[in-house]
Amino acid sequence: MLRCTPMGICSWDFHVSGEQHQGSLEFNWLGEQGVLTVNGDRFDVHKHGLASGHWTLDQSELQVASAQKSSALARTFELDNGDTDLVLQAVSPFGRAFELKSNNQVVAAINPVHAFTRRATIEQIDPNTDIRITCFAFWLVVLMWRRANNS
């Protein structure tokens with residue numbers, strides 16, 4: 001289980017920690033891009049176009065994964081890391097919990113600790129799921145939470 005804790009009381013940046021993994025998510029001050037750190041490795045999250053709904057997770061010049069938002073209103077993303085196609089989707093229309101699925105099987109669950117906090121947990125159900133992809137999925141979930149908060 002990974003624990004996700006905001007870096008500050010009003011911050012959308014997070015520390016991610018667990019028994020085997022450490023990391024952080026940092027959003028750029030403006031826009032929907034940022035930096036992910038997973039077990040000491042730095043990854044850049046890039047958004048491709050203002051209204052595109054397409055993000056990539058890059059390390060140096062190498063694209064590690066990509067995510068495409070299904071539609072403007074849906075809280076669903078299609079993720080691709082070259083090996084596996086995954087779907088990140090909200091569990092319910094109004095809740096903040098999300099599931100990461102591969103072949104309709106849940107491989108990770110992202111849940112807020114309770115309704116009035118930004119703290120969250122990530123349960124990596126399939127231990128073979130790449131932790132970088134799980135953290136990228138959490139980055140996208142936080143982006144959805146941030147958008148909902150700002151609207």
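Ring pairs link Phe14, Phe138 and Trp145 into a cluster; rings of Phe, Tyr and Trp (its six-membered ring) pair if their centres lie within 6.5 Å. Keep in mind that this is a predicted model, where local features need pLDDT of at least 70, side-chain atom pairs count only at pLDDT 80 or more, and totals for chains, interfaces and linings use all residues. Residues are numbered from 1 along each chain as its sequence is written, and side-chain values use heavy atoms, with hydrogens and water left out.

**The aromatic cluster**
- The structure holds four aromatic pairs.
- One of them joins Phe14 and Phe138 edge-to-face, at 5.2 Å centre to centre and 80 degrees between the planes (planes under 30 degrees apart count as stacked, over 60 as edge-to-face and the rest as tilted).
- Phe14 sits in strand E2 (residues 14–17) and Phe138 in helix H1 (residues 131–150), so this pair ties together parts that are 124 residues apart in sequence (helices, H or I with at least four residues, and strands, E with at least two, are DSSP runs numbered from the N terminus).
- Phe138 also pairs edge-to-face with Trp145, at 6.2 Å centre to centre and 85 degrees between the planes.

**Who's tucked away**
- Phe14 and Phe138 are both buried (under 20% relative accessible area; exposed is over 50%, partly exposed in between, with a 1.4 Å probe and protein chains only).
- Phe138 has a relative accessible area of 0%, while Trp145 is buried at 4%.
- Of the chain's 151 residues, 43% count as buried.

**The whole chain**
- You'll find one helix and twelve strands here.
- Along the principal axes, the C-alpha atoms fill a box of roughly 35 × 35 × 30 Å.
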